[in-house]
Amino acid sequence: MTVVDDTGAPVPVPERVRRVVSIVPSLTETVAATATGLLVGATDWCTHPAGLDVPRVRGTKNPDLDRIAELRPDVVLGNTEENRPADVDALRAAGVPVWMTEIRTVDEALASLRRVLAEACRVPVPGWLDEASRTWSDVTRGKPGTPDTPGKPGKPRTAVVPIWRRPWMVVGRDTFTGDVLSRLGVGNVYAGHADRYPKIPLGELNASGADLVVLPDEPYRFSEDDGPESFPGVDVALVNGRYLTWYGPSLVDAPAVLARELAAARTY
């Protein structure tokens, strides 16, 4: 049976899917939390769930295409931001079905994950995904916060969100990360930039007028000792990158975790 992925590409997926290779950490966790037995391969960067015991196929940007083909997947799960078009094209040319996701907002993530599970993997939509939808709906409507469904934390803030240094790179336009922060009351200074992940000199970042710097621990591992010192006099929030950048089971707890971490921002 042929179905259509997020990019509009037709994907021949069998009526019953038995073997899935994921080349995106968020999608690996999504499948593992829903139907672990389907996974027969994942990247070296697929760290969740802990203890996942499946063959590894290198990274998201340099997957071992021969190894993936050897695993005989019914479908490979990818993402337009994480994976290179050349690798996707090569897999498809070799006769391997590839389902591509395209996710730049929370709403897109929730809808895309439903399709990944129901159409690409042929499994029922799990309870955790319904819970994530309810949680983010509550946040979007600005309901008063609770430990499980927090509202927007405190006064609105304006932030720069570095994801790398040497050179400094930040979150720009049309990103899942930017949408997550926006829903939590944090605007992105570079949301209108022409690039999605622009390189911005440190001096310009410090002169941007932001009253907050959000430093995740991935892809660059910012920490108390590596990052905050570059932004004197500005509040810095160190946040868990999985909750800020991953879409999957982490969506359930992301609002509560990020609200606490943003509220703990301080000047270093």
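I noted the ground rules. This is a predicted model, where local features need pLDDT of at least 70, side-chain atom pairs count only at pLDDT 80 or more, and totals for chains, interfaces and linings use all residues. Residues are numbered from 1 along each chain as its sequence is written, and side-chain values use heavy atoms, with hydrogens and water left out.

**Pocket**

I looked up the volume of the largest pocket: about 1100 Å³. A pocket here is an open set of points on a 1 Å grid over the protein atoms alone, where a 1.4 Å probe fits, with protein on both sides within 12 Å along at least five of seven lines; lining residues have an atom within 4 Å of a point. The volume is the space filled by probe spheres set on the points, which are joined across faces, edges and corners.

Which lining residues are closest to the centre of the largest pocket? Of the 31, they are Glu 82, Glu 218, Pro 219, Thr 245 and Trp 246. The elements that give two or more residues to this lining are α1 (25-35), β8 (162-164), α6 and α8 (241-245). Helices (H or I, at least four residues) and strands (E, at least two) are DSSP runs, numbered from the N terminus.

**Cis bonds and phi**

I checked Pro 219 again for its backbone. A cis peptide bond joins Glu 218 to Pro 219, with omega about 5°. Pro 219 sits in the loop between β11 (212-216) and β12 (235-239). The His 48 to Pro 49 peptide bond is also cis, and Pro 49 lies in the loop between β4 (39-42) and α2 (65-70).

Arg 72 is not a glycine, yet has a positive phi of about 50°. I found Arg 72 in the loop between α2 and β5 (75-79). Most residues other than glycine have a negative phi, and most peptide bonds are trans.

**Helix pairs**

I took α4 with α5 (residues 127-140) next. Their axes come within 11 Å and cross at roughly 165°. Axes are lines fitted to C-alpha atoms, for helices over the stretch in contact, and angles run from 0 to 180 degrees between N-to-C directions. The angle makes α4 roughly antiparallel to α5 (over 145 degrees; under 35 counts as roughly parallel). Contact means heavy atoms within 4.5 Å. Residues in this contact include Leu 110, Leu 113 and Leu 117 of α4, and Trp 128 and Trp 136 of α5. By class it has eight nonpolar, one polar and two charged residues.

The axes of α5 and α9 (residues 250-263) come within 7 Å and cross at roughly 30°. That makes α5 roughly parallel to α9. Trp 128 and Trp 136 are among the α5 residues in this contact, and Leu 251 and Pro 255 among those of α9.

Last, I looked at α4 (residues 106-120) against α6 (residues 176-183): their axes come within 8 Å and cross at roughly 115°. Val 106, Asp 107 and Ala 109 in α4 meet Phe 176, Asp 179, Val 180 and Arg 183 in α6.

Key:
Angles under 35 degrees count as roughly parallel, over 145 as roughly antiparallel, 65 to 115 as roughly perpendicular and the rest as oblique. Ala, Val, Leu, Ile, Met, Phe, Trp, Tyr, Cys and Pro count as nonpolar, Asp, Glu, Lys and Arg as charged, and the others, Gly among them, as polar.
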